[in-house]
Amino acid sequence: MNLKSSATRYGTFPIIIHWLSVFLIFGLLFSGSRAASMTDPVAKAQLLSLHAPIGSFIGLLTLIRIVWWIFIDRKPEPVSGMPYLQELGARAVHLMLYGGIILSAASGIAMFALSGAGPIIAGWVDAPLPDFTKYPPRIGHTIGAWSLVTLLLFHSGAAFFHQFVKKD
């Protein structure tokens with residue numbers, strides 16, 4: 001069990017980060033869309049008290065992943081015989097996934113900082129939740145979330161295609 005990747009396989013560390021990220025991002029997409037539609041302020045604050053720190057953690061995990069790929073490890077070589085445009089598309093989707101995650105985390109943190117919601121959600125202050133739609137980072141947060149949904153569909157579709165159709 002190698003932490004680092006080989007020329008043909010991902011190492012244990014990138015695999016763990018990948019699947020932990022997948023699991024948590026799906027949870028964040030679900031909890032974020034649920035929180036956006038909630039009208040009960042207490043339930044919304046409880047849900048956001050989980051959503052916010054997990055979102056920050058995923059942002060940090062993504063930064064660790066980027067540092068890992070730049071300074072510590074190399075990704076396996078593309079599958080032999082893969083068309084250049086397909087390889088380029090795979091790289092672009094991965095970069096956009098990282099960008100969407102960073103955008104979502106940064107805009108979420110900015111929204112909390114600008115709105116003052118952090119102490120409310122932490123339970124330190126008894127006040128109503130702010131209307132997050134009034135804060136400009138909400139736009140980036142929404143764009144980041146929808147970008148992630150779209151990119152995850154592309155990424156998953158490609159993974160299933162390579163696993164079950166091409167078997168490479």
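1. Helix α3 is followed by G116, whose phi is positive, near 75°. Helices here are DSSP runs of H or I of at least four residues, strands are runs of E of at least two, and both are numbered from the N terminus. α3 itself has 32 residues and reaches 46 Å from its first C-alpha to its last, close to the 46 Å expected at 1.5 Å a residue. The expected span is 1.5 Å times one less than the number of residues.

2. On the basis of the model: this is a predicted model, in which local features need pLDDT of at least 70 and side-chain atom pairs count only at pLDDT 80 or more, while totals for chains, interfaces and linings use all residues. Residues are numbered from 1 along each chain as its sequence is written, and side-chain values use heavy atoms, with hydrogens and water left out.

3. Overall fold. The protein chain has five helices and zero strands, in the order α-α-α-α-α along the sequence. Its C-alpha atoms fill a box of roughly 60 × 25 × 25 Å along the principal axes. Of contacts between residues at least 6 apart in sequence, 69% join residues at least 24 apart; contact means heavy atoms within 4.5 Å. Buried residues make up 31% of the 168 residues, where buried means under 20% relative accessible area, exposed over 50%, and partly exposed in between, with a 1.4 Å probe and protein chains only.

4. The largest pocket holds about 2000 Å³ of space. It is lined by 44 residues, and those nearest its centre are Y10, H18, H94, H155 and A159. Two or more lining residues come from each of α1, α2 (41–72), α3 (84–115) and α5 (137–165). α3 gives the largest share, 11 residues. By class the lining has 25 nonpolar, 10 polar and nine charged residues. For these classes, Ala, Val, Leu, Ile, Met, Phe, Trp, Tyr, Cys and Pro count as nonpolar, Asp, Glu, Lys and Arg as charged, and the others, Gly among them, as polar.

5. On how pockets are defined: on a 1 Å grid over the protein atoms alone, a pocket is an open set of points where a 1.4 Å probe fits, with protein on both sides within 12 Å along at least five of seven lines, and lining residues have an atom within 4 Å of a point. Grid points are joined across faces, edges and corners, and a volume is the space filled by probe spheres set on the points.

6. The second largest pocket has a volume of about 800 Å³. Its lining has 33 residues, and L28, G32, H51, H141 and A145 are the closest to its centre. α1, α2, α3 and α5 each supply at least two lining residues, and the largest share, eight residues, comes from α2. The lining divides into 20 nonpolar, 10 polar and three charged residues.

7. H51 is in helix α2 and is buried, with a relative accessible area of 14%. Its side chain makes a polar contact of 2.7 Å with the side chain of S31. A polar contact is a pair of N or O atoms within 3.5 Å; within protein, one must be able to donate a hydrogen and the other to accept it, and residues adjacent in sequence count only if both atoms are side-chain atoms. Leaving aside neighbours within four places in sequence, H51 is in contact with L28, S31, G32 and H141. L28, G32 and H141 are, like H51, among the residues closest to the centre of the second largest pocket.

8. H94 lies in helix α3 and counts as partly exposed at 22% relative accessibility. The side chain of H94 reaches the backbone oxygen of A90 at 2.9 Å. Not counting residues up to four places away in sequence, H94 touches K75 and H155. H94 and H155 are both listed among the residues nearest the centre of the largest pocket. The C-alpha atoms of H94 and G55, 39 residues apart along the chain, are separated by 19 Å.

9. S21 is found in helix α1 (residues 12–37). With 5% relative accessibility, S21 counts as buried. Apart from neighbours within four places in sequence, S21 is in contact with I58 and L61.

10. K167 is in the segment after α5. Its phi is near 55°, a positive value in a residue other than glycine. At 67% relative accessibility, K167 counts as exposed.
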